[in-house]
Amino acid sequence: MSVFSTIDHLGIAVPDLDEAVAWYRENFGMVLVHEEANEDQGVREAMMKVSPGDEGAQIQLLAPLRPDSAIARFLDRSGPGVQQVAYRVDDVRSAAATLRARGMRLLYDEPRTGTGGSLVNFVHPKDAGGVLVELVQQPAAAELP
């Protein structure tokens, strides 16, 4: 039985969010659909659709807000590039419990606030084949900002 319902987004670490948004727009024709700063995670982020009518997975561009953020450390260690694969789940707490029962470590004891008011948690890359896996529970329609 799958823990995930679909791929939500691919997270790409970038040093400068404005430059990256412009590059993805100009070179790939992608559409900016959401931008915000997440102080808790120390990132500025932008969600990009592949095309105006696309309802599939998005690209999340992530730039550091401060030098001690996880994205800043990722950029220092690995440079720009794919930082995470995010999967949508119906219930992030239940998905985390299932994965813990399967022997995986999650980064947080309790979910944190992610993009657009979503709830998120992450599977440690050492337990997921070297990939940082994000679990994303979308907010209910009434909860959207």
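W23, Y24 and F28 form one aromatic cluster. This is a predicted model, and a search of the whole structure finds five aromatic pairs in it. In one of them, the ring centres of W23 and Y24 are 5.3 Å apart. Their planes meet at 70°, so this pair is edge-to-face. How exposed is each partner? W23 is partly exposed, at a relative accessible area of 43%. Y24 is buried, at 13%.

Y108 and F122 make another edge-to-face pair, because their planes stand at 85°. Their ring centres lie 5.9 Å apart. Y108 sits in the loop between α3 and β6 (112-113), while F122 belongs to strand β7. The pair therefore ties together parts that are 14 residues apart in sequence. The charged end of R112 sits over the Y108 ring, 3.8 Å from its centre.

The table lists the two ring pairs described here.

| Pair | Distance of centres | Angle of planes |
|---|---|---|
| W23 and Y24 | 5.3 Å | 70° |
| Y108 and F122 | 5.9 Å | 85° |

Y108 has 14%. F122 has 5%.

A86 stands opposite E134 in β8.

**Helix α3**

Helix α3 takes in residues 92-101. Which of its residues are buried? V92, A95, A96 and L99 are. Around the axis they cover an arc of only 100°, so they are on the same side of α3. An α-helix has 3.6 residues a turn, so residues three or four places apart point the same way. The buried residues of α3 pack against β7 and β8.

Both ends of the helix have a feature to look for. At the start of α3, a side-chain oxygen of D91 comes to within 2.9 Å of the backbone nitrogen of R93. Just after α3, G103 has a positive phi of about 90°.

Helix α2 spans residues 70-78, and its buried residues include I71, A72, F74 and L75. These four cover an arc of only 160° around the axis, which puts them on the same side of α2. What lies on the other side? There, D76 and R77 are exposed. Against which strands do the buried residues of α2 pack? They pack against β1 (6-13), β3 (43-49), β4 (58-64) and β5. Just after α2, G79 takes a positive phi of about 80°.

Q83 lies in strand β5. Is Q83 buried or exposed? Its relative accessibility is 13%, so Q83 counts as buried. Leaving out residues up to four places away in sequence, Q83 touches G11, I12, A13, L62, I71, F74 and L132. Two of these, I71 and F74, are among the buried residues of α2.

Notes:
Residues numbered from 1 in each chain as written. Heavy atoms only, no water. Pairing = 2+ DSSP bridges. Helix = DSSP H or I, 4+ residues; strand = E, 2+ residues; numbered from the N terminus. Buried < 20%, exposed > 50% of the residue type's maximum accessible area, 1.4 Å probe, protein only. Arc of directions from axis to C-beta. Contact = heavy atoms within 4.5 Å. Polar contact = N/O pair within 3.5 Å; in protein donor to acceptor, adjacent residues only side chain to side chain. Phe/Tyr/Trp six-rings, centres within 6.5 Å; stacked < 30°, edge-to-face > 60°. Lys NZ or Arg CZ within 6 Å of the ring centre and 35° of its normal.
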